[in-house]
Amino acid sequence: MLNYDNQNGWPNQLGNYQSPIDLNTEVSTKYDDNLAISSDMYYQLTQEINDSTTIRLLGHGNATIFNRKFTFQQLHFHLPSEHTIDGKTNPLEIHLVHTNAIGQTVVVAIMVNKGNSNADLQAIINHFNNKEDQSVNISTNQWIPSLAKGFHYLGSLTTPPLTEGVEWLVITNSQITVSDNQLAWFHKNFTHNNRKTQPLFERKIEWYK
Ligand SMILES: [Zn+2]
């Protein structure tokens, strides 16, 4: 099991393109536009896995991201958020991992705010089984807004092997919110699993506001 209290001991060969980062709006290049992502109406989640540090859900769906076709692979949760925005942490961050035919990886991160109980999150909570994988049939309705706002930058996986060359879209205007009760459930079943923010170095952050 990955030890989030000993992150300096994680095996890696750190480069200058590590994730997560603080998304500092002051140094970001600003665009009065939307993030270039359009997904199918929803992704279909088919299997729910307890991987001891988080819940992972496998499924299928497609998205066009910056004019390239990607296939949805899996999503999982981090609490609290791994990315921060101007130093501010969100209670929950969801990572939707996508790949394409030429081996590129795009992670679409959804920054979740506290608010009403979300029905899709509740379905995931209700299906959770500590002991064994579960077959599920959950649609992620409207997780990715049709006019997505947020950040775009180049980074890495946030768990070992921390591979670089991963493209990140961090969405800040998703309709998903998490209630106090749902958040309490996540905290009861999982300890914190957020990697610390990493130095930006020479990288550019694009902010689609
Ligand atoms: Zn992740």
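**Reading a zinc site, its pocket and the cores**

Q: Which spacing do the donors of the zinc ion follow along the chain?
A: The pattern for the zinc donors is H-x1-H-x16-H. Donors here are N, O and S atoms within 2.8 Å of the metal (3.2 Å for Na, K and Ca), and water is not among the atoms, so sites may look incomplete. H76 in strand β7 and H95 in strand β10 are 19 residues apart, so this pair links distant parts of the chain; strands (E, at least two residues) and helices (H or I, at least four) are DSSP runs, numbered from the N terminus. Before we go on: this is a predicted model, with local features needing pLDDT of at least 70 and side-chain atom pairs counting only at pLDDT 80 or more, while totals for chains, interfaces and linings use all residues. Residues are numbered from 1 along each chain as its sequence is written, and side-chain values use heavy atoms, with hydrogens and water left out.

Q: Which atoms coordinate the zinc ion, and at what distances?
A: Look for NE2 of H76, NE2 of H78 and ND1 of H95, at 2.0 to 2.1 Å.

Q: Are H76 and H95 buried or exposed?
A: Buried means under 20% relative accessible area, exposed over 50%, and partly exposed in between (1.4 Å probe, protein chains only). H76 counts as buried because its relative accessibility is 13%, and H95 counts as buried because its value is 1%.

Q: How do I read empty space, and what is a pocket?
A: Rolling a probe the size of a water molecule over the atoms shows where empty space is left. On a 1 Å grid over the protein atoms alone, a pocket is an open set of points with protein on both sides within 12 Å along at least five of seven lines, a cavity is a set where a 1.4 Å probe fits but cannot get out, and lining residues have an atom within 4 Å of a point. Here the largest pocket holds about 290 Å³ of space. Its lining has 16 residues, and Q74, H76, H78, T158 and T159 lie nearest the centre. β7 (68-78) and β10 (92-99) each supply at least two lining residues, with the largest share, three residues, coming from β7.

Q: What should I look for in a nonpolar core?
A: In soluble globular proteins, nonpolar side chains tend to be buried together. A nonpolar core is a set of buried Ala, Val, Leu, Ile, Met, Phe, Trp, Tyr and Cys residues joined through side-chain atoms within 4.5 Å. The largest one has 39 residues, and I55, I65, L75, F77, I94, V108 and F186 have the most contacts inside it. Apart from it lies another core, of 13 residues, among them L23, V166, W168 and V170.

Q: Which residues does I55 touch?
A: Contact means heavy atoms within 4.5 Å. Not counting residues up to four places away in sequence, I55 touches several residues, including L75, H76, F77, W185 and F186.

Q: Where does N194 lie?
A: N194 is in the loop between α2 (180-189) and β16 (206-208). At 19% relative accessibility, N194 counts as buried. Leaving aside neighbours within four places in sequence, N194 is in contact with Y4, Q7, L79, P80, S81 and E82.

Key: Grid points are joined across faces, edges and corners, and a volume is the space filled by probe spheres set on the points.
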